[in-house]
Amino acid sequence: GSGSGGAEVTPEPPEAAVRTLTMDSAHASRAEREQARAAKQAVHNERARRRENREAANREQEVFMSAGMRAAVEGLLRADDDGACAGELELDDDGLRELRSAAVLRLKHVGFAPSRAREAFDRA
């Protein structure tokens with residue numbers, strides 16, 4: 001447009017007035033960068049090793065037993081002394097408690113931990 005022939009003066013932004021010099025990389029040398037990478041990788045490997053060791057130490061143990069032993073254990077969990085199935089009987093709390101303690105005791109004698117025997121009986 002038409003106007004005065006003078007040049008317009010635009011102020012410079014303040015950040016352009018002062019420049020801060022920075023390095024374009026975080027490390028001064030290639031050796032320093034490799035050393036930092038190796039340290040980071042070592043921390044990562046240590047965490048992974050700890051996790052794997054923890055998982056290996058807490059694995060569920062498989063129990064192998066013969067078919068006859070399995071049938072006997074299942075029989076202990078299902079039946080009382082007469083061979084009748086516990087689900088078919090009408091048991092009061094005392095009768096169920098006695099049946100549970102007898103089954104847990106028998107399983108304990110076979111070699112099961114009492115806590116596992118109680119857990120198995122409660123599931124059955």
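Residues are numbered from 1 along each chain as its sequence is written. The model is predicted, so local features need pLDDT of at least 70 and side-chain atom pairs count only at pLDDT 80 or more, while totals for chains, interfaces and linings use all residues; side-chain values use heavy atoms, with hydrogens and water left out.

The protein has five helices and zero strands, helices being DSSP runs of H or I with at least four residues, strands runs of E with at least two, numbered from the N terminus.

Let us turn to helix 4 and helix 5. Their axes, lines fitted to C-alpha atoms over the stretch in contact, with angles from 0 to 180 degrees between N-to-C directions, come within 9 Å and cross at roughly 135°. Helix 4 and helix 5 are therefore oblique to each other.

Where do these helices meet? On helix 4, the residues include L99, A103, V104 and L107, and on helix 5 they include P114, A117, R118 and F121. Leaving aside neighbours within four places in sequence, V104 is in contact (heavy atoms within 4.5 Å) with P114, A117 and R118.

V104 also belongs to the largest nonpolar core, which has nine residues, among them V73, L99 and F121. Such a core is a set of buried Ala, Val, Leu, Ile, Met, Phe, Trp, Tyr and Cys residues joined through side-chain atoms within 4.5 Å; buried means under 20% relative accessible area with a 1.4 Å probe, protein chains only. The largest share of this core, four residues, comes from helix 4.

Note on methods. Buried < 20%, exposed > 50% of the residue type's maximum accessible area, 1.4 Å probe, protein only. Parallel < 35°, antiparallel > 145°, perpendicular 65-115°, else oblique.
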